[in-house]
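Reader: Could you walk me through reading this fold, step by step?
Author: Gladly; here it is.

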Amino acid sequence: MKYILFILFTVMTNAAAQLMLKQGMMSLGPLSFEGTNPLIKILQIVFSPWVFAGLLTFVISMASHLYVLSKVELSFAYPFLSLAYVAVAVFAYFVFHEDLNAWRIAGIAFICVGTVLIAQSGRDHGEVVAAASTEPTKTSELLR
């Protein structure tokens with residue numbers, strides 16, 4: 001649980017990146033490659049301000065995630081990324097006025113319950129595994 005703040009930072013930067021990418025694509029309008037060089041069009045998209053900010057935020061999120069992975073088990077850290085779905089759905093409702101119907105709310109609730117269960121299963125376990133992995137393994141232990 002020691003690294004939960006880093007995990008939540010990863011989740012929130014991931015969600016923020018998605019929101020920035022959506023804003024960027026909305027500001028660019030409908031995507032079409034007709035009558036233009038596809039490479040030029042891709043560069044225009046990538047270097048539009050919101051899309052570029054979203055991509056940079058993804059890089060920050062990934063760097064944070066790599067740090068987390070160096071400290072805790074993947075099976076503990078990775079499921080927390082599902083909370084980005086929750087954050088995106090809620091912020092998209094308020095920022096972009098997207099639909100948040102009963103089915104989506106139910107799905108969000110299931111995601112939250114699942115994440116809480118995973119968090120409970122990993123209390124201090126990830127740190128114990130990280131500490132154990134630094135000890136050398138004897139050949140006789142590998143054969144068991």
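Reader: What pattern does the protein chain follow along the sequence?
Author: Helices here are DSSP runs of H or I with at least four residues, and strands are runs of E with at least two, numbered from the N terminus. The protein chain reads α-α-α-α-α-α-α-α, that is, 8 helices and 0 strands. Keep in mind that this is a predicted model, where local features need pLDDT of at least 70, side-chain atom pairs count only at pLDDT 80 or more, and totals for chains, interfaces and linings use all residues. Residues are numbered from 1 along each chain as its sequence is written, and side-chain values use heavy atoms, leaving out hydrogens and water.

Reader: Which residues of H3 are buried?
Author: First the general idea: an α-helix has 3.6 residues a turn, so residues three or four places apart point the same way. Buried means under 20% relative accessible area, exposed over 50%, and partly exposed in between (1.4 Å probe, protein chains only). In H3, the buried ones are Val51, Gly54, Thr57, Ser61, Ser64, His65 and Val68. They span an arc of only 135° around the axis, so they sit on the same side of H3; the arc is taken from the directions from the helix axis to the C-beta atoms.

Reader: What covers the buried residues of H3?
Author: Counting contacts as heavy atoms within 4.5 Å, the cover includes helix H1 (4–28), helix H2 (38–46) and helix H4 (74–77).

Reader: And which exposed residues does the face of H3 turned away from its buried side carry?
Author: That face carries Pro49, Val59 and Leu66.
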